[in-house]
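Colleague: I am new to this structure and would like a guided tour. Could we look at it together?

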Amino acid sequence: MDIRPIRYDHPDAVKLNDEVQAEYVERYGEGDLTVMDPAHFDPPHGLYLLAYDAQGRPVASGGWRSREHDEEGYSDGDAEIKRMFVVREARGQGLARRILAALEDSARAAGRVRMVLETGTEQPEAMALYTSSGYAPTPKFGLYRFEESSRCYAKPLRDS
């Protein structure tokens with residue numbers, strides 16, 4: 001697998017985003033309505049990664065974007081994970097874990113204080129990935145902070 005940085009608006013990223021949105025519709029009845037601008041993921045304030053298989057097909061994605069304290073519950077120094085996704089036929093190969101580690105390394109190098117993410121109860125495999133990677137439940141933040149099915153997690157990027 002080849003994991004490389006790419007713009008969030010690159011055609012391959014758009015293709016995977018369409019797939020993840022379709023999966024959200026299957027699981028939750030609607031796609032993710034969070035507003036995201038491709039510039040949010042431009043270094044040094046973010047990063048977007050795609051994994052390609054041996055045939056050059058995009059099979060996994062993930063990104064982080066800088067967040068600061070605001071009315072949606074973010075804190076100064078947050079790096080928010082977005083669009084972690086692996087296509088069905090590529091699951092079980094450790095791609096999400098590899099992308100997650102690369103995102104954490106990048107956010108740490110950019111001076112971010114903690115990684116945060118929001119997922120939901122209809123994504124138990126995502127919750128298992130994050131908890132097994134050192135993430136702990138945290139007070140809810142973001143667009144879905146008032147939704148019963150929302151689950152938020154955080155992981156410090158620096159030693160305390």
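Modeller: Let us begin with a term: two strands pair if DSSP finds at least two bridges between them. Helices (H or I, at least four residues) and strands (E, at least two) are DSSP runs, numbered from the N terminus. This is a predicted model, in which local features need pLDDT of at least 70 and side-chain atom pairs count only at pLDDT 80 or more, while totals for chains, interfaces and linings use all residues. Residues are numbered from 1 along each chain as its sequence is written, and side-chain values use heavy atoms, with hydrogens and water left out.

Colleague: In what order do the seven strands of the sheet stand?

Modeller: The order is β1-β2-β3-β4-β5-β7-β6, in an open sheet with mixed pairing.

Colleague: Which strands stand at the edges?

Modeller: The edges are taken by β1 (2-5) and β6 (136-137). Each has a single partner strand, so one side of each is left without a neighbour in the sheet.

Colleague: How many bridges join β2 to β3?

Modeller: Seven, and the two strands run antiparallel. Within this pair, Leu 47 stands opposite Trp 64 of β3. The hairpin of β2 and β3 has five residues between the strands, and Gly 56 there has a positive phi near 80 degrees.

Colleague: And how do β3 and β4 run?

Modeller: They run antiparallel, joined by seven bridges. Ala 60 has Val 86 in β4 as its bridge partner.

Colleague: How many of the 10 residues of β3 are buried?

Modeller: Nine of them are buried, so β3 is largely enclosed by the rest of the structure. Buried means under 20% relative accessible area, exposed means over 50%, and partly exposed is in between (1.4 Å probe, protein chains only).

Colleague: What joins β5 to β7?

Modeller: Seven bridges do, between residues 114-120 of β5 and residues 150-156 of β7, and these strands run antiparallel. Leu 117 is paired with Tyr 153 of β7 as its bridge partner. Helix α3 packs on the sheet as well, touching β4, β5 and β7, and its direction makes about 160 degrees with that of β5. For such values, axes are lines fitted to C-alpha atoms, for helices over the stretch in contact, and angles run from 0 to 180 degrees between N-to-C directions.

Colleague: Which strands does α1 lie across?

Modeller: Helix α1 (residues 11-28) lies across β2 (46-52), β3 (58-67), β4 (78-86) and β5, and runs at about 85 degrees to β4.

Colleague: Let us turn to the other helices. At what angle do α2 and α3 cross?

Modeller: Helix α2 (residues 95-109) and helix α3 (residues 124-132) cross at roughly 50 degrees, and their axes come within 11 Å. They are therefore oblique to each other. On that scale, angles under 35 degrees count as roughly parallel, over 145 as roughly antiparallel, 65 to 115 as roughly perpendicular and the rest as oblique.

Colleague: Which residues meet there?

Modeller: From α2, Ala 96, Arg 97 and Leu 100 meet Leu 129, Tyr 130 and Ser 132 of α3. Contact means heavy atoms within 4.5 Å.

Colleague: Now some single residues. Where is Phe 85, and is it buried or exposed?

Modeller: Phe 85 has its place in strand β4, and at 7% relative accessibility it counts as buried. Neighbours within four places in sequence aside, its contacts include Leu 16, Val 20, Val 59 and Arg 91. The C-alpha atoms of Phe 85 and Asn 17 are separated by 8.4 Å, although the two are 68 residues apart along the chain.

Colleague: And Gln 21, which residues is it in contact with?

Modeller: Apart from neighbours within four places in sequence, Gln 21 is in contact with Gly 31, Asp 32 and Arg 83. Gln 21 belongs to helix α1 and is buried, with a relative accessible area of 17%.

Colleague: What is phi of Arg 83?

Modeller: It is near 55 degrees, a positive value in a residue other than glycine. Most residues other than glycine have a negative phi, and most peptide bonds are trans. Arg 83 lies in β4 and is buried, at 4% relative accessible area.

Colleague: Where is the cis peptide bond?

Modeller: It joins Pro 43 and Pro 44, with omega about 5 degrees. Pro 44 is in the loop between α1 and β2.
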